[in-house]
Amino acid sequence: MQIILIETFLDLMETRNFNRTAERLNITQSTVTHRINALEATFARKLFARNKGGTQPTAAGLRFLDHAKALQHQWHEAARAVETAGAYERSMRIGLQHDLAAHYAGDWLSAVRKELPGTSIYLEVDYSNQMNRDLDAGDLDLAILFTPHYLPDLHYERIGDVIYEMVSNRVADIAEVKPEDYIQAVYSPAFDRLHRQAHPGLSTAPIASGETTAILALMQKLGGSAYVPAADARRLIGTGTASRVAGAEPIAQAVYAAVNVRTRHAHQHRRIIAILQALLAP
């Protein structure tokens with residue numbers, strides 16, 4: 001069975017619209033129809049019913065859904081294994097949340113290489129939304145992220161926290177922080193909720209960002225106050241370029257490991273997660 005038929009089927013299960021799937025896959029509507037017809041001919045069963053209400057999966061289509069996802073995932077794994085075959089026995093594609101890369105990527109992957117010398121690693125630094133999608137599609141084997149989506153085929157576990165502290169190069173106390181001089185950090189929806197609860201008056205700041213690198217650059221260029229990772233806060237305080245804002249409580253951002261449910265107990269996945277969990281430990 002061609003993987004392209006499976007991927008067309010899965011996209012149509014999401015869109016429930018032949019034209020929309022054609023747009024998303026950059027093909028014609030007739031090509032979508034041809035692929036679905038070919039898949040239905042293979043099973044000798046209708047997978048979709050088209051009527052005035054739109055396109056709806058049949059009972060056979062719904063039964064095939066989980067198997068199609070598994071086939072897609074296994075195909076991506078097989079393709080990567082063949083493409084990267086060389087001196088290493090196994091390969092892993094890992095996603096890492098943007099804000100964790102600067103402080104953890106080096107020590108983490110160095111320890112992974114020592115522990116799993118027969119495994120080649122590809123590291124993708126990205127945001128949670130994209131990593132959830134890539135994991136679900138089989139394009140990543142493991143991801144460390146801030147925001148789980150709890151998709152049916154994915155397994156999530158909380159492995160630690162990253163602490164953010166408010167620093168400033170303008171004021172010393174939280175009472176002195178003004179919205180117009182504040183750079184709002186939006187590292188994740190959970191972080192944003194905690195921030196709004198703690199500092200509702202600062203949620204109208206004119207500048208916001210979801211990445212520490214950008215926030216640090218804005219502070220240096222424009223001046224002001226912002227939440228940054230505790231490690232960056234210590235560095236800024238140590239060099240005298242900023243001070244900790246008195247009265248502003250730290251905010252803890254939860255960190256999650258995500259894998260496909262079929263590999264949640266795999267040895268190399270467990271070891272890679274455990275290494276980062278140890279690095280995140282206070």
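Two exercises on a predicted model follow, each with a worked solution.

Residues are numbered from 1 along each chain as its sequence is written, and side-chain values use heavy atoms, without hydrogens or water. Because the model is predicted, local features need pLDDT of at least 70 and side-chain atom pairs count only at pLDDT 80 or more, while totals for chains, interfaces and linings use all residues.

**Exercise 1.** Determine how helix 1 and helix 2 pack.

Solution. 
1. Axes are lines fitted to C-alpha atoms over the stretch in contact, and angles run from 0 to 180 degrees between N-to-C directions.
2. Angles under 35 degrees count as roughly parallel, over 145 as roughly antiparallel, 65 to 115 as roughly perpendicular and the rest as oblique; helix 1 and helix 2 are therefore oblique to each other.

**Exercise 2.** Describe the aromatic pair of tyrosine 187 and phenylalanine 191, and the burial of each residue.

Solution. 
1. The whole structure holds 8 aromatic pairs (rings of Phe, Tyr and Trp, the last by its six-membered ring, with centres within 6.5 Å; planes under 30 degrees apart are stacked, over 60 edge-to-face, the rest tilted).
2. Tyrosine 187 and phenylalanine 191 are 5.0 Å apart centre to centre, with 80 degrees between the planes, an edge-to-face pair.
3. Buried means under 20% relative accessible area, exposed over 50%, partly exposed in between (1.4 Å probe, protein chains only). Tyrosine 187, at 5%, is therefore buried, and phenylalanine 191, at 0%, is buried.

Technical notes. Helices (H or I, at least four residues) and strands (E, at least two) are DSSP runs, numbered from the N terminus.
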